[in-house]
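Q: I have the sequence and the model open. Can you walk me through it?

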Amino acid sequence: MSKALLYDATLCIGCKLCEQACAERNQLPYDDKIAAQTVQSAHKFTVVLTHGDKFMRRLCMNCEDPTCVSVCPVGAFRKTATGPVVYEEDRCIGCRYCMLACPFNVPKYEWNKVLPRVRKCDMCADRVAAGRPTACTEICPTGANKFGERADLLQVAEQRLREHPEQYVNHIFGVSEVGGTAVLLLSSVPFADFGYRTDLMHEPLPLLTYRVLSRIPDLVALGGILLGGIWWITHRREQVAAAEAAESHETSGKK
Amino acid sequence: MRISMPRLTLWKIVFGVVMVAALYATAVRFTRGLGASTHLSDQFPWGLWIGFDVLCGVMLAAGGFTLTAAVHIFNMERFKPIIRPALLTAFLGYLLVVMALLFDLGRSYRIWHPLVMWNPRSVMFEVAWCVMLYTVVLGLEFAPVVFERLRMGRPLRILHGISIPLVIAGVILSTLHQSSLGSLYLIVPEKLHPLWYSPLLPVFFFLSAIAIGLAMTIFESSMSAKYFRKQLELPLLQDLGRILVVVLAAYSVLRLQDLYHRDALRLAFRPGYESSLFLLEVVAGLLLPIALLLIPRVRKSPTGLYVTAVLVVLGFITNRLNVSITGMEASAGVRYLPKWTELAVTAGIVAAGFAIFGLAAKYLPIFPEKEAARHSEEAAETEHSHVAS
């Protein structure tokens with residue numbers, strides 16, 4: 001039901017055709033200069049990193065319970081039923097909390113525009129919705145990028161780890177990181193070598209804030225009652241004191 | 001009045017220079033975008049405007065809810081004379097925070113979007129609503145001052161009738177808002193340095209807001225006494241100092257316990273960038289003021305109270321900047337220093353705050369005991385105009 005993308009670094013030859021296909025699909029410029037850039041940016045949503053003869057891709061992980069969806073105050077991000085995490089630029093106010101919060105530092109900003117947008121890979125949401133694979137998986141000549149059902153791809157990845165344990169680091173990155181991601185990675189060298197954080201939580205990050213936010217209605221009700229009650233008591237004391245003073249004044253007046 | 005003229009002119013020159021710089025920076029910001037006007041980047045998306053203007057701005061406005069709660073809820077009537085300057089600071093503070101947000105938001109003209117586009121799972125959504133609602137509440141809490149000046153009885157009576165529900169709403173909104181600024185960082189456990197990341201961040205932000213509410217009131221009253229030549233409410237400030245030391249001590253204990261239990265305390269003594277700024281915050285801005293306030297001679301002297309309050313304010317400003325900037329640099333892999341345009345806008349906003357406070361104090365009944373004097377002046381003035389006409 002939910003689609004995903006499996007990137008197997010051991011099959012990658014670093015041809016960067018995925019980068020080019022991504023640029024075309026997103027109507028972004030692509031030339032030798034951009035191909036040489038190794039960081040994601042508002043004009044480059046995916047990069048192929050090279051260390052000697054080893055490769056690794058970076059792109060939006062399209063998390064199962066995405067941090068960006070949870071933190072956006074105006075709901076500009078949405079996790080679609082088919083898997084992609086999409087951004088609606090008409091809602092965005094430009095607070096950039098998504099950029100601060102994303103555990104993979106994926107959302108990028110158009111810093112040099114007067115009316116900037118957040119930009120990121122959206123796992124070719126329109127293509128996926130139409131039943132087609134992402135641009136990067138379609139063009140991949142070696143099968144390093146594979147598109148399919150997340151459950152199926154997980155089985156494929158597990159099978160590869162089982163059959164060729166000597167070729168891989170024994171971990172599917174994205175299987176449970178921050179609650180699981182729609183992009184799954186296999187590699188022969190540690191993921192940390194390519195800048196992937198290995199200290200990520202294995203439950204969704206939105207839980208951290210939701211635990212606090214979900215208490216707000218209770219807190220408001222309790223706070224209102226408590227403060228109102230304290231006011232009532234402190235002012236009742238004052239009234240009583242005033243009444244007593246008036247009474248004693250009266251009695252002393254009568255005498 | 002004549003004696004203070006030279007100092008006034010100097011301040012006017014400083015104010016003018018700051019405002020010209022701020023206006024130029026504003027032009028750069030809105031014609032050329034955030035890239036040209038800030039040192040922000042994809043690696044470091046939040047800088048001075050969030051760290052100082054928003055986080056510190058809201059924090060420094062905490063005197064409003066602290067004092068209204070003390071006077072109206074806990075019935076500590078003796079603090080009534082200093083409630084209006086505190087409310088003015090809070091209201092001004094929130095208006096300036098909204099102003100700063102207009103600079104920081106990439107699409108400021110959509111600042112109203114959270115009103116109609118909801119995401120209750122977002123802390124930023126909570127922040128947005130708290131800013132909006134509490135600014136309205138502060139406006140209503142402060143409005144009687146203006147109506148009094150304009151001698152409008154009817155709205156005054158209406159506002160008086162709803163004053164207690166307003167105060168309660170204000171205290172609840174402040175509690176939510178102050179703590180939610182800490183909650184913003186709950187979602188970056190692997191990015192924020194362990195000296196500052198804690199599941200208790202919302203509690204720390206709230207407790208420190210109360211401390212700041214007290215410290216700012218002492219600071220304001222001392223400044224006002226100096227510049228508006230009014231009498232200092234020394235016994236009141238001494239009481240505030242006593243409450244302040246208790247709040248600071250509770251905060252410190254909680255903070256140190258938390259660091260100890262998370263095994264992060266040892267990081268404070270590992271020489272480096274983060275630990276230096278942490279020690280600056282904790283030693284100069286927390287432990288030193290506590291020590292000072294525990295000395296009766298300091299607690300009882302106007303200068304002692306003033307210096308301690310300034311230390312506390314600077315200490316918690318350092319704390320907010322540490323959470324938002326220092327603590328985020330290592331994981332971002334970059335050092336962030338604000339660009340001159342960022343500093344100019346921030347300085348302009350602070351200067352505007354001081355100027356508006358000064359004007360409001362001059363033309364509105366902020367300091368009650370000054371009222372009598374002003375009324376007689378006014379009476380004299382009307383007499384003059386009668387004579388003239």
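A: Start with two helices of chain B: α4(B) and α6(B) cross in a left-handed way. Left-handed means that the near helix is turned anticlockwise from the far one by less than a right angle, and right-handed that it is turned clockwise. Helices (H or I, at least four residues) and strands (E, at least two) are DSSP runs, numbered from the N terminus.

Q: Is this an experimental or a predicted model, and how is the numbering done?
A: This is a predicted model, where local features need pLDDT of at least 70, side-chain atom pairs count only at pLDDT 80 or more, and totals for chains, interfaces and linings use all residues. Residues are numbered from 1 along each chain as its sequence is written, with chains lettered from A and ligands numbered from 1 in the order in which they are written.

Q: OK. At what angle do α4(B) and α6(B) pack?
A: The angle is about 140 degrees, and the axes are 9 Å apart. Axes are lines fitted to C-alpha atoms, for helices over the stretch in contact, and angles run from 0 to 180 degrees between N-to-C directions.

Q: Which residues of α4(B) and α6(B) meet there?
A: On the α4(B) side they include Leu87(B), Phe91(B), Tyr94(B) and Val98(B), and on the α6(B) side Tyr134(B), Leu138(B) and Phe142(B) are among them. Contact is counted when the C-beta atoms of two residues, placed from the backbone, lie within 7 Å. By class, this contact has 13 nonpolar, two polar and two charged residues. Ala, Val, Leu, Ile, Met, Phe, Trp, Tyr, Cys and Pro count as nonpolar, Asp, Glu, Lys and Arg as charged, and the others, Gly among them, as polar.

Q: Why is α4(B) called largely enclosed?
A: Because 17 of its 22 residues are buried, α4(B) is largely enclosed by the rest of the structure. Buried means 20 or more other C-beta atoms within 10 Å of a residue's own, exposed means 12 or fewer, and partly exposed is in between, with C-beta atoms placed from the backbone.

Q: And what span should helix α4 of chain B have?
A: It covers residues 83–104 and should span 32 Å, which agrees with end C-alpha atoms 31 Å apart. The expected span is 1.5 Å times one less than the number of residues.

Q: What about α3(B) and α4(B), how do they pack?
A: They pack at about 145 degrees, with axes 7 Å apart, and that crossing is left-handed. Gly63(B), Gly64(B) and Leu67(B) are among the α3(B) residues in the contact, and Ala86(B) and Ala90(B) among those of α4(B). The residues of this contact divide into six nonpolar, four polar and no charged.

Q: How many residues of α3(B) are buried?
A: Ten of its eleven residues are buried, so α3(B) is mostly covered. Asn75(B), with a positive phi near 60 degrees, follows α3(B).

Q: Switching topic: where does Leu236(B) sit, and is it buried or partly exposed?
A: Leu236(B) is in helix α10 (residues 234–261) of chain B. It counts as partly exposed, with 18 C-beta neighbours inside 10 Å. Leaving aside neighbours within four places in sequence, Leu236(B) is in contact with Arg78(B), Phe79(B) and Ile82(B).
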